[in-house]
Amino acid sequence: MNDKMQQPTMVIAGAPAVGPESSTLICPSCRVQVNTRVEHNSNTKTHIMALLLCMFCCLPCVCVPYCCNSCQNADHYCPNCNAFIGSHQH
């Protein structure tokens, strides 16, 4: 019997770095090179900005953080398999 049995090697890869715009990368799920689909979603920062505008009597401007991409997360998805790839926070 062989005392030095080889153990399988497992490589764990982290999520790819994504930015605020669509990125070209290889999807970790389906292994296809794609341009990511970006969806901008509100986060805690968005709600806090709207609350601050409301508190300082800028009611007409309360919706601005919800319309401005720089106040939201940019969530990246694979257009091929719809897998979540990563998120970019401003």
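Asp75 stands opposite Ser87 in β5. That is my starting point, in a predicted model where local features need pLDDT of at least 70, side-chain atom pairs count only at pLDDT 80 or more, and totals for chains, interfaces and linings use all residues. Residues are numbered from 1 along each chain as its sequence is written, and side-chain values use heavy atoms, with hydrogens and water left out.

Strand β4, residues 72-77, and strand β5, residues 84-88, run antiparallel and are joined by 4 bridges. Strands here are DSSP runs of E of at least two residues, helices are runs of H or I of at least four, and both are numbered from the N terminus. Two strands pair if DSSP finds at least two bridges between them. The hairpin has 6 residues between its strands, and Asn82 takes a positive phi near 60°.

Next, the core. The largest nonpolar core has 6 residues: Val18, Leu25, Cys27, Val34, Cys78 and Ile85. By nonpolar core I mean buried Ala, Val, Leu, Ile, Met, Phe, Trp, Tyr and Cys residues joined through side-chain atoms within 4.5 Å. Buried is under 20% relative accessible area, exposed is over 50%, and partly exposed is in between, with a 1.4 Å probe and protein chains only.

Cys27 counts as buried because its relative accessibility is 0%. Leaving out residues up to four places away in sequence, Cys27 touches Val32, Val34, Cys78 and Cys81; contact means heavy atoms within 4.5 Å.

On to the cysteines. The structure holds 0 disulfides, a disulfide being a pair of cysteine sulfur atoms within 2.5 Å. For Cys27, the nearest cysteine sulfur belongs to Cys30, 3.7 Å away. For Cys68, the closest is in Cys71, at 4.5 Å, so the two are too far apart for a bond. Cys68 is partly exposed, at 29% relative accessible area.

Pro28 lies in the loop between β1 (24-26) and β2 (33-35). Its relative accessibility is 40%, so Pro28 counts as partly exposed. Beyond its neighbours within four places in sequence, Pro28 is in contact with Pro16 and Ile85. Pro16 is 12 residues from Pro28 in sequence, and their C-alpha atoms are 8.3 Å apart.

Last, the helix. Just after α1, Cys57 has a positive phi of about 60°.
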